[in-house]
Amino acid sequence: MSSLTIRKVELYPIAMPLVERLGTSFGKEPFKVAILVQLFTDEGIMGWGESPAEIYPGYAYETIGIALHVLSQFIIPSLIGCTLTQPDQIVACMSHVRGHPIAKHGIEQAVYDAFAQLHQLPLSAYFSQLVGEIKGVPQTSKGFATVGVSIGIQDDVASTLAIIEKRLQQGYQRIKLKIKPGWDIELAQGVRAAFPEVMLMLDANSAYTLQDSEHLRQLDDYDLLMIEQPLPYNDIYQHSKLQPQIETAICLDESITTVDDAMLAIELGACRIINLKPARVGGFTESIKIYRFCVENGVALWIGGMLETGIGRSANLAFASLPGVTLPCDLSATDRYYDPDVTEPPFMIRPDSTIATPTENGIGVTVQMDRVQQAVQYCREHLPYSLPIANV
Ligand code: OSB
Ligand code: MG
């Protein structure tokens, strides 16, 4: 049986300027940060992963500092020498640490990348193989993912319209706008007036309460594909009270951290759509469980993003190319995020709003070590706080 034994794990805390920053209801990160994970095995295969933790604990409690602390002090020391015959065995190796899904995802992704290389498959084909058949249907990768673009809170509606216009011309056929109280109804109205046909959705990032249900009901007038995470991150129950009061489909993002959350949310009627972010749920093992649940139950599903570098985005794209992902994903072309990215070649948006998945084995993009080192330096110089030393 083929196996991989973990020899060493290198962590690179990086920072990179964003081509377009993403203002949300909880703020605007000044630049991108992440921890890149390089996993070495005794078999000579090396895997890459990305923990897309952010600077501030707004979207998630994990920051880059917290993730680095947890990875270097508690997770990595117990992985060295571990032999895996299946990538999902990595979950048990990390289960002595409660929570910290974004940190764990970096390791997990590197393990999946390494196993895909071991089996000489691109990640898209490897994910297809791991998922297997659902209800007798093989979950064969389409070879591309259908994508949209996420646009942050702007100063005014006019500048938002200009960005939308640019994105539509580039090929994106689904527009997601970040909203917050005071930047919602007028925005939806203005955008609908200018673009009557565009596939449009809003993401509130937990900015409202159930008391706002009358207000949110006004959004029903704008033919929205969905509203993402209107209520607090830990409140599936409150969403189950909101969904029957509005026509617009609720999609949960922050609330879904495990397949059990997804089951509960669907059972309670808290949402009709699920945003699956591999990093938010702690990696691809849990992602496959959520994917299976959605396909088995006919739940609309799409893959979200956290402004990943090419390392994380490549794996997310591979997952998003599975046929059970039924709605456009938050995975945009490289030039939406970075110039340049740490990987080559760049991901390009095609006129039909799709991005092709890499055909090389594993993540299928090459990591540019000089750019990684530059990004490590940028992090040292710009991060507004000091990082715990990665002692691994
Ligand atoms: O709420 O979906 C979100 C980015 C970072 C953190 C949270 C979110 C996002 C996005 C960007 O919306 C999606 C992308 O990577 O393009
Ligand atoms: Mg979201």
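## Salt bridges

A search of the whole structure, which is a predicted model, finds 16 salt bridges. A salt bridge here is a side-chain nitrogen of Lys or Arg within 4 Å of a carboxyl oxygen of Asp or Glu. Side chains of opposite charge can pair when their charged atoms come close.

One of the pairs is Asp42 with Arg7, at 2.7 Å from N to O. This pair links distant parts of the chain, 35 residues apart: Asp42 is in the loop between strand 2 and strand 3, and Arg7 is in strand 1. Helices (H or I, at least four residues) and strands (E, at least two) are DSSP runs, numbered from the N terminus.

## Basis of the model

Residues are numbered from 1 along each chain as its sequence is written, while chains are lettered from A and ligands numbered from 1 in the order in which they are written. In this predicted model local features need pLDDT of at least 70, side-chain atom pairs count only at pLDDT 80 or more, and totals for chains, interfaces and linings use all residues; side-chain values use heavy atoms, with hydrogens and water left out.

The protein chain is divided into domain 1 (4–121 + 368–382) and domain 2 (127–366), with bounds that come from an automatic or database domain assignment. Taken over C-alpha atoms, the centres of domain 1 and domain 2 are separated by 22 Å. In contact (heavy atoms within 4.5 Å) are 38 residues of domain 1 and 48 residues of domain 2. The area buried between the domains is about 3600 Å², and carbon and sulfur atoms give 62% of it. Buried area is the accessible area (1.4 Å probe) that two parts lose on being put together, summed over both.

Between domain 1 and domain 2 there are 2 salt bridges. Elements that each supply at least two residues to the side of domain 1 touching domain 2 are strand 1 (4–16), strand 2 (32–41), strand 3 (46–51), helix 3 (101–118) and helix 13 (369–382). Helix 3 gives the most to this side, with 10 residues. Elsewhere in the list of charged pairs, Glu344 forms a salt bridge with Arg371, with the closest N and O atoms 2.9 Å apart.

## Two open sheets

Strands of a sheet pair through backbone hydrogen bonds, either parallel or antiparallel. Two strands count as paired if DSSP finds at least two bridges between them. In one open sheet, 4 strands follow the order 3-2-1-4 with antiparallel pairing. Strand 3 and strand 4 (83–84) are the edge strands, each pairing on one side only. Strand 1 and strand 2 run antiparallel and are joined by 10 bridges; Pro13 has Ile35 in strand 2 as its bridge partner.

Another open sheet has 7 strands in the order 8-9-10-11-12-13-14, and the pairing is parallel. Strand 8 (149–151) and strand 14 (300–303) stand at the edges with a single partner strand each, so one side of each is left without a neighbour in the sheet. Strand 13 (residues 273–276) pairs with strand 14 in the parallel sense over 4 bridges, and Ile273 stands opposite Ala300 in strand 14.

## Backbone details

A cis peptide bond, with omega about 0°, joins Asp339 and Pro340. Pro340 is in the loop between helix 12 (334–337) and strand 15 (343–344). The peptide bond from Glu344 to Pro345 is also cis, with omega near -5°, and Pro345 lies in the loop between strand 15 and strand 16 (354–356).

His100 has a phi near 55°, a positive value in a residue other than glycine. His100 is found in the loop between helix 2 (90–93) and helix 3.
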